[in-house]
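Me: I'd like to learn how to read a protein model feature by feature. Could you walk me through one?

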Amino acid sequence: MNSIFERKWDFIVVGAGNAALSAANAACDRGKHVLVLEAAPEGPYSGGNSRFVEVFRAAHNGEYGHGVKYTPEDYYYYMLKTNPDSDKELVRILVDRSIDMIKWLTRHNIKFVNESIIDKQYDPDMARSGFRILGGGTMLLHTLRKELTKGERGNRCRLLYNAEVIDIEIENREFKSVTVNFNGKHIKVYGDNLIIASGSFAANLDKLRQIMGDAVDVLKIRGSRYNKGIPLFVMLEKYDAMGYGDMHKFHSPAADARAPKFDAGIAMRPDVIPYGIVVNKKGLRFHDEAPGYWLTHYSKWGGWIIEQPGHIAFSIFDKKALGVFVPPYLPPVTASTLEDLATELTKYGLENPKQLIETIHTFNNACPRDKAHLPYDPSELDHISANTDPPKSNYARPISTPPFYAYPLSPSLTFVYYSLKIDKAARVVHKSGNPFVNVYATGETMFSNITPNSYVGGVGIAMGTTFGIIAAYEGGWP
Ligand SMILES: Cc1cc2nc3c(=O)[nH]c(=O)nc-3n(C[C@H](O)[C@H](O)[C@H](O)COP(=O)(O)OP(=O)(O)OC[C@H]3O[C@@H](n4cnc5c(N)ncnc54)[C@H](O)[C@@H]3O)c2cc1C
């Protein structure tokens with residue numbers, strides 16, 4: 001172990017998610033000596049939010065999409081439409097390098113199943129652009145870790161677990177060393193270049209409390225407990241690095257309130273919301289449950305729930321909704337009458353069960369009677385609406401067919417739309433506008449440069465790999 005801490009590394013990479021492992025492999029490809037420092041212990045919690053991913057986004061000319069093209073211009077147009085405040089130069093790089101990025105991953109033994117998923121509920125753009133990873137995030141990380149130390153590479157490139165970077169030493173915008181908490185010991189490690197790929201700060205509950213107040217107490221973190229953003233805040237607060245984005249804007253779907261505090265992932269997300277109603281703890285509806293396709297509003301429900309008393313809510317539905325959504329990990333609260341369901345929900349914080357029954361009756365009366373028998377079609381917005389307050393724009397059917405179901409809901413957090421500013425060489429930018437000489441950032445540590453307004457499926461890992469490779473080539477490309 002001493003040899004790890006005594007030598008000077010060509011590259012020190014912080015984190016062991018997709019962005020970090022892409023950068024580390026690219027530097028290793030160059031024959032460099034690379035040290036990857038991972039805060040988590042070896043095992044299921046290593047690898048950050050990348051453990052949950054499924055799909056990369058890339059442009060192609062039909063050779064990968066069963067003949068269906070997704071051109072660089074399609075990709076670029078979609079990015080600017082969804083993220084008008086992005087850094088256009090960086091978006092252009094992401095788009096133009098995208099198919100080379102897929103080829104780079106393929107050379108590193110990542111395998112894809114590139115099926116067109118013609119499913120508007122998900123994302124019509126994704127249907128043409130998604131490169132689905134065979135084996136998902138777990139296989140992606142496993143393969144990139146294996147690649148890093150394969151054969152003679154293992155003599156030059158190392159991954160150290162239980163190694164949390166707690167400080168960075170920089171002089172005149174030039175990186176010198178990091179301080180690592182390695183199994184409780186604070187050790188300095190020296191390097192010529194630093195690549196920060198430690199994710200966002202979605203697990204930093206103190207910072208989140210400053211942003212969203214006591215909602216943090218009920219908030220579920222969808223990803224890793226290790227993403228506290230320590231290197232990000234060292235760069236912002238100690239070295240005056242430039243930030244990009246808005247600290248008060250976050251990607252926040254609803255989660256099952258019974259989910260664990262961290263690692264809520266996808267399996268705790270109740271996708272049934274559009275097919276029922278959502279009430280607060282007073283038993284009152286507070287938002288249109290189906291204003292558009294699920295993809296367009298699923299990430300906003302956490303924010304809407306935060307505005308409710310106690311920051312909790314309940315998704316209520318009946319037998320008719322079964323089979324049109326992927327059931328989350330935990331079974332719903334179930335009862336054969338609405339009264340019993342309301343009583344049961346008091347155990348989860350519902351304060352006014354009588355009001356809930358009244359709300360359901362009011363909603364049921366507002367649903368068009370002649371359409372009540374029509375089944376839900378999740379692939380189309382049906383414009384069958386309930387003219388009540390608030391209205392429900394689609395999928396309005398009475399909640400009248402037992403058994404009756406409910407999910408208690410909490411807000412959850414994927415990430416805050418705020419990160420480090422980088423330049424086109426992936427170097428972190430100082431507030432003066434000049435880049436740090438040899439400090440790079442990739443992945444969620446810089447993601448607001450590309451997606452400051454809204455998350456775009458498949459782009460999270462695409463930017464991590466692309467700018468990870470660029471950082472490892474010190475602004476170049478293999
Ligand atoms: C449920 C879910 C599903 C998703 N699905 C997709 C998808 O299909 N496609 C997509 O593009 N995006 C998806 N995303 C977003 C995607 O997960 C992220 O954008 C991407 O994985 C971020 O990768 P990263 O390497 O930057 O960060 P992470 O994968 O989070 O890795 C950060 C790493 O840094 C380590 N770390 C943190 N702090 C320190 C420190 N101080 N010292 C040392 N190590 C540290 C962590 O332990 C971790 O290993 C999803 C997110 C979630 C939560």
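Reply: Gladly! Let's start with a definition: two strands count as paired if DSSP finds at least two bridges between them. Keep in mind that this is a predicted model.

Me: Thanks. In which sense do β4 and strand β5 pair, and over how many bridges?

Reply: The general idea is that strands of a sheet pair through backbone hydrogen bonds, either parallel or antiparallel. Here β4 and β5 (residues 130-133) are antiparallel, with two bridges between them.

Me: Now a strand with several partners. Which strands are joined to β9 by bridges?

Reply: Take them one by one. Strand β1 (residues 8-14) pairs with β9 (residues 185-196) in the parallel sense over six bridges, and W9 stands opposite G191. Strand β8 (residues 174-182) runs antiparallel to β9, also with six bridges; there V180 faces I187. Strand β19 (residues 435-441) is parallel to β9 and joined to it by three bridges, with A441 as the bridge partner of I196.

Me: How many residues lie between β8 and β9 in their hairpin?

Reply: Two, and N183 in that turn has a positive phi of about 50°.

Me: On to helices. How many residues of α2 are buried?

Reply: For this step you need the cut-off: buried means under 20% relative accessible area. By that test 11 of the 12 residues of α2 are buried, including N18, A19 and L21. The helix (residues 18-29) reaches 16 Å from its first C-alpha to its last, close to the 16 Å expected at 1.5 Å a residue. Just after α2, G31 has a positive phi of about 85°.

Me: Last one: which residues are closest to the ligand?

Reply: Of the 37 residues that surround the ligand, the closest are E38, S50, N227, E444 and Y455. For polar contacts, look for N or O pairs within 3.5 Å. A side-chain N or O atom of E444 is 2.8 Å from a ligand oxygen. From the backbone, a polar atom of N49 is 2.8 Å from a ligand oxygen, and an N or O atom of A19 lies 3.0 Å from one.

Note on methods: Residues are numbered from 1 along each chain as its sequence is written. This is a predicted model: local features need pLDDT of at least 70, side-chain atom pairs count only at pLDDT 80 or more; totals for chains, interfaces and linings use all residues. Side-chain values use heavy atoms; hydrogens and water are left out. Helices (H or I, at least four residues) and strands (E, at least two) are DSSP runs, numbered from the N terminus. The expected span of a helix is 1.5 Å times one less than its number of residues. Buried means under 20% relative accessible area, exposed over 50%, partly exposed in between (1.4 Å probe, protein chains only). A residue is near a molecule or strand if one of its heavy atoms lies within 4 Å of it. A polar contact is a pair of N or O atoms within 3.5 Å; within protein, one must be able to donate a hydrogen and the other to accept it, and residues adjacent in sequence count only if both atoms are side-chain atoms.
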